[in-house]
Amino acid sequence: MADKILAKDKLDEFIAKLREEADVYAPARVGAKTTWQEVNGAEGLDWDFTNTEMSPKDFFFPQTECMMRFKNAKDDPEGMIMKAEELLPRSRVLLNMRPCDAKAFQVLDMIFVQDEMTDDVYWRDKREKTLVAGLACNEPCPTCFCSSVNCGPHHQVGMDLLFVDLGDKLLVKVLTEKGEAASADLPPAAAADEAKAAELKAAAEAAISSKVSLDKINAREVLDLYNLPMWDKVHEACLNCGTCTFVCPTCHCFDIQDEVQGQEGRRVRNWDYCMSWLFTMHGTGHNPRGKKKDRVRQRFMHKFKYIPVKRDGEIGCVGCGRCIQMCPVNIDVRQVVDQMNS
């Protein structure tokens with residue numbers, strides 16, 4: 001599909017066209033933070049952000065999601081009968097998503113929609129009704145290590161369009177039929193624009209100084225990694241606060257609960273996290289990950305060994321660096337992976 005050009009002074013017109021059929025969201029500056037906001041035009045869009053503090057995964061996997069409703073009335077013929085919640089009523093467009101976050105959705109697709117027996121309708125519905133237009137990273141931050149984990153600053157996986165910021169205009173890489181329809185009115189890119197985008201891509205990839213190696217992790221048996229002495233030290237500083245899991249674009253633990261108020265009830269899915277001792281507590285009282293060491297090890301083993309083994313080598317990390325930036329005790333995933341790989 002041919003690349004297109006979108007002048008920034010035409011963004012209002014482009015967004016207005018998208019809004020005819022969809023709600024449009026993008027990272028925008030709010031105080032000192034860049035967060036995802038619904039936008040009506042180009043005003044307020046942040047072109048210099050490194051990444052949003054929270055990943056955009058809650059557009060598809062909300063922190064709290066009502067799945068079904070029911071009547072909590074024993075005399076009602078429909079009492080305790082679950083009725084499905086309405087699915088996403090309107091399409092959405094997510095503008096300027098960083099490549100690492102878009103890549104994370106491909107990883108989560110493998111988790112939520114695996115086959116006929118594991119087909120999460122809530123996740124799939126939102127994915128099908130959302131167009132993702134990414135924004136390439138021209139200036140990765142020091143904690144980024146995306147190029148070590150099957151991603152990169154100009155990566156295209158998980159997107160329908162990829163914008164490359166050329167200054168006063170955007171090179172628009174058209175990646176899917178959905179993206180082609182959204183960009184149908186844009187003019188084609190000139191060869192000079194494509195050459196400049198290629199230069200920016202090479203410069204961005206060269207600017208990523210953080211590297212981790214996974215070759216020995218891949219080669220080692222699961223139990224060899226599981227029993228490494230390093231786990232005795234790695235877990236000591238961890239607070240089990242769960243911050244790393246909440247900001248991570250690929251973490252997807254959840255709990256399902258029924259909530260009742262009077263005669264109304266609903267079944268909700270809430271984010272949960274593997275760092276919590278309660279997450280794996282069995283009804284019998286047995287807890288297979290009752291110690292902090294077990295839970296910390298689980299987090300890293302899951303991302304860098306269990307998911308690759310079960311998902312054809314895919315890694316459960318996209319190298320966005322949020323967990324490094326947000327950890328209150330400075331646990332650095334790159335250092336842990338290096339120890340696993342040593």
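1. Among contacts (heavy atoms within 4.5 Å) between residues at least 6 apart in the sequence of the protein chain, what percentage join residues at least 24 apart? In this predicted model the value is 71%.

2. Because the model is predicted, local features need pLDDT of at least 70 and side-chain atom pairs count only at pLDDT 80 or more, whereas totals for chains, interfaces and linings use all residues.

3. The protein chain comes to 12 helices and 11 strands, these being DSSP runs numbered from the N terminus (helices H or I, at least four residues; strands E, at least two). Of its 342 residues, 49% count as buried, that is, under 20% relative accessible area with a 1.4 Å probe, protein chains only.

4. Seven strands form an open sheet with mixed pairing, in the order β1-β9-β8-β7-β6-β2-β3, where two strands pair if DSSP finds at least two bridges between them. β1 and β3 (33–38) stand at the edges with a single partner strand each, so one side of each is left without a neighbour in the sheet. β8 and β9 run antiparallel and are joined by five bridges; Val164 has Leu171 in β9 as its bridge partner.

5. In helix α1 (residues 11–19), Leu11, Phe14, Ile15 and Leu18 are buried. These residues cover an arc of only 95 degrees around the axis (from the directions of the helix axis to the C-beta atoms), which puts them on the same side of α1. The buried residues of α1 pack against elements including β1 (4–7), β2 (22–30) and α4 (177–182).

Definitions and conventions
Residues numbered from 1 in each chain as written. Heavy atoms only, no water. Buried < 20%, exposed > 50% of the residue type's maximum accessible area, 1.4 Å probe, protein only. Contact = heavy atoms within 4.5 Å.
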